Amino acid sequence: MAETFRNWTTGELTARACDIRDRHWGRTVTYSRKVFVPLTNMCRDTCGYCTFVKHPETPEANILTPDEVLAMARRGEAKGCKELLFSLGEKPELRYDKARDGLRRLGHARMTDYLRDMCRLVLDETGLLPHVNAGTLADDEIDALRPVSASMGMMLETVSRRLTRKGQPHYACPDKTPVQRLRTLDRAGQKQVPFTTGLLIGIGETWDERIDALHAIEAAHRRHGHVQEVIVQNFQRKPDIAMARHPEPTLDDMLRTIAAARIILSPEISLQAPPNLSKRHIDYLNAGINDWGGISPVTIDFINPQHDWPEIRQLSASCAAAGFTLQERLTVYPRFFANRDDFIAPALHIRVAAMSRPDGLAREQCLEAGA
Ligand code: SF4
């Protein structure tokens, strides 16, 4: 049976994790300056913790038009962003007429095909690198998106089938069946896509289920070598969600999970925790993270809209006080394009090379709120 770290103190866990982090990543902590584009806020799933999704019967439910996508992209570009993150609900057209009709007006039957076209538009019209976070994907969907996105992502969240039962957060969410998400994780590896995944902490999973999820990610990475980063994200209570009364994970719980992740995962996998979901986020540095993920100088965090991004210069100062240097990276990590080209689609090689400096981080480093 795998080590579950139950008998380790938090201090023992974090000390081991920081040792691994320091040996592989040093005292550099990175972030990606990005603009978030919520292509559609409709989704066929109904996760109990989600505020992003809007029911099709509400006026807020929408699909962004190409003009709206381009306007957001240009605002991001003007503020020095390098990455454009497309985030969207999962396959709303399979469930709702409003999504099907909206897509038809845009000339598509499938959200993935519209997403592919919007990635191409961004590549043609701006200097940004698209990263798509479209949830579970079939083989042909990954094939469609790979040539137009530098990297892709899908939070595994959990491997607990128990959480799909009635009364649990993933009840009646076909895309949250662990086997479906694990299949997407594997497919992305088979197709050599630099891939971001992660865990959602505190939605009712047990400690052992978290450890199992980390081992599942590590196993997929050992098969394919494609996992570029793992996010450890804490559940956030919000008044308008089904889990409004569910307790949030404690800081100690987060620190222990981050440290366990650093110990279980291969050291070349970047470990990330979001800086806007805890006032004590600087403590995550002492549990083994080396990355803050995406921070936008333009758009809000659409997944957790009640939590502002930290000001980047302030974050840099806080990192420095903790003994770390904040550096900007691209959406795709250096090891996927340094001395190899099998993980980057041919059309993106020149752009990635032009945007990166010799160590693979962003050539242009922006610490200002606007650039
Ligand atoms: S968390 Fe994702 S999959 Fe779940 S309802 Fe929200 S958008 Fe859909």
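In this predicted model, the crossing of α7 and α8 is right-handed. Helix α7 covers residues 207-224, and its axis runs 10 Å from that of α8 at an angle of about 30°. On the α7 side the contact is made by Arg-210, Ile-211, Leu-214, His-215 and Glu-218, while α8 contributes Thr-257, Ala-260, Ala-261 and Ile-264. Sorted by class, the residues of this contact of α7 with α8 comprise 5 nonpolar, 2 polar and 2 charged ones.

Helix α8, which spans residues 251-264, also packs against helix α1, residues 10-25, and here the axes are 8 Å apart and the angle is about 45°. That angle makes α1 oblique to α8. The crossing in which α1 passes α8 is left-handed. From α1 the contact draws on Thr-10, Leu-13, Thr-14, Arg-16, Ala-17, Ile-20 and Arg-21, and from α8 on Asp-252, Leu-255, Arg-256, Ile-258, Ala-259, Ala-260, Arg-262 and Ile-263. In the contact of α1 with α8 there are 8 nonpolar, 2 polar and 5 charged residues. Ala-260 of α8 is named in the contact with α7 and again in the contact with α1.

A further pair is formed by helix α2 (residues 66-78) and helix α4 (residues 111-125), whose axes come within 10 Å and cross at roughly 45°. This makes α2 oblique to α4, and α2 passes α4 in a right-handed crossing. Pro-66, Val-69, Leu-70 and Ala-73 of α2 meet Met-118, Leu-121, Val-122 and Glu-125 of α4. By class, that contact of α2 with α4 holds 7 nonpolar residues, no polar ones and 1 charged one.

The table sets out the geometry of these pairs.

| Helix pair | Angle between axes | Distance between axes |
|---|---|---|
| α7 and α8 | about 30° | 10 Å |
| α1 and α8 | about 45° | 8 Å |
| α2 and α4 | roughly 45° | within 10 Å |

Some single residues also deserve attention. Lys-91, in the loop between β2 (83-88) and α3 (97-105), has a positive phi of about 40° although it is not a glycine. Lys-91 is buried, because 23 other C-beta atoms lie within 10 Å. Gln-192 is likewise not a glycine and has a positive phi, of about 55°, and its place is the loop between α6 (178-190) and β5 (195-201). Gln-192 counts as partly exposed, because it has 17 C-beta neighbours inside 10 Å.

Ala-353 belongs to helix α10, residues 349-355, and it counts as exposed because it has 12 C-beta neighbours inside 10 Å. From C-alpha to C-alpha, Ala-353 lies 26 Å from Glu-141, and the two are 212 residues apart in sequence.

Taken as a whole, the protein has 10 helices and 9 strands. Its C-alpha trace spans about 55 × 50 × 40 Å along the principal axes. For 371 residues a compact globule would have a radius of gyration near 21 Å, and the protein, with 19 Å, agrees with this. Of the 371 residues, 47% count as buried. Among the contacts between residues at least 6 apart in sequence, 76% join residues that are at least 24 apart.

Methods: Residues are numbered from 1 along each chain as its sequence is written. This is a predicted model: local features need pLDDT of at least 70, side-chain atom pairs count only at pLDDT 80 or more; totals for chains, interfaces and linings use all residues. Axes are lines fitted to C-alpha atoms, for helices over the stretch in contact, and angles run from 0 to 180 degrees between N-to-C directions. Helices (H or I, at least four residues) and strands (E, at least two) are DSSP runs, numbered from the N terminus. Angles under 35 degrees count as roughly parallel, over 145 as roughly antiparallel, 65 to 115 as roughly perpendicular and the rest as oblique. A crossing is left-handed if the near helix is turned anticlockwise from the far one by less than a right angle, and right-handed if clockwise. Two residues are in contact if their C-beta atoms, placed from the backbone, lie within 7 Å. Ala, Val, Leu, Ile, Met, Phe, Trp, Tyr, Cys and Pro count as nonpolar, Asp, Glu, Lys and Arg as charged, and the others, Gly among them, as polar. The radius of gyration is taken over C-alpha atoms; the globule rule is 2.2 Å times the number of residues to the power 0.38. A residue is buried if 20 or more other C-beta atoms lie within 10 Å of its own, exposed if 12 or fewer, and partly exposed in between; C-beta atoms are placed from the backbone.
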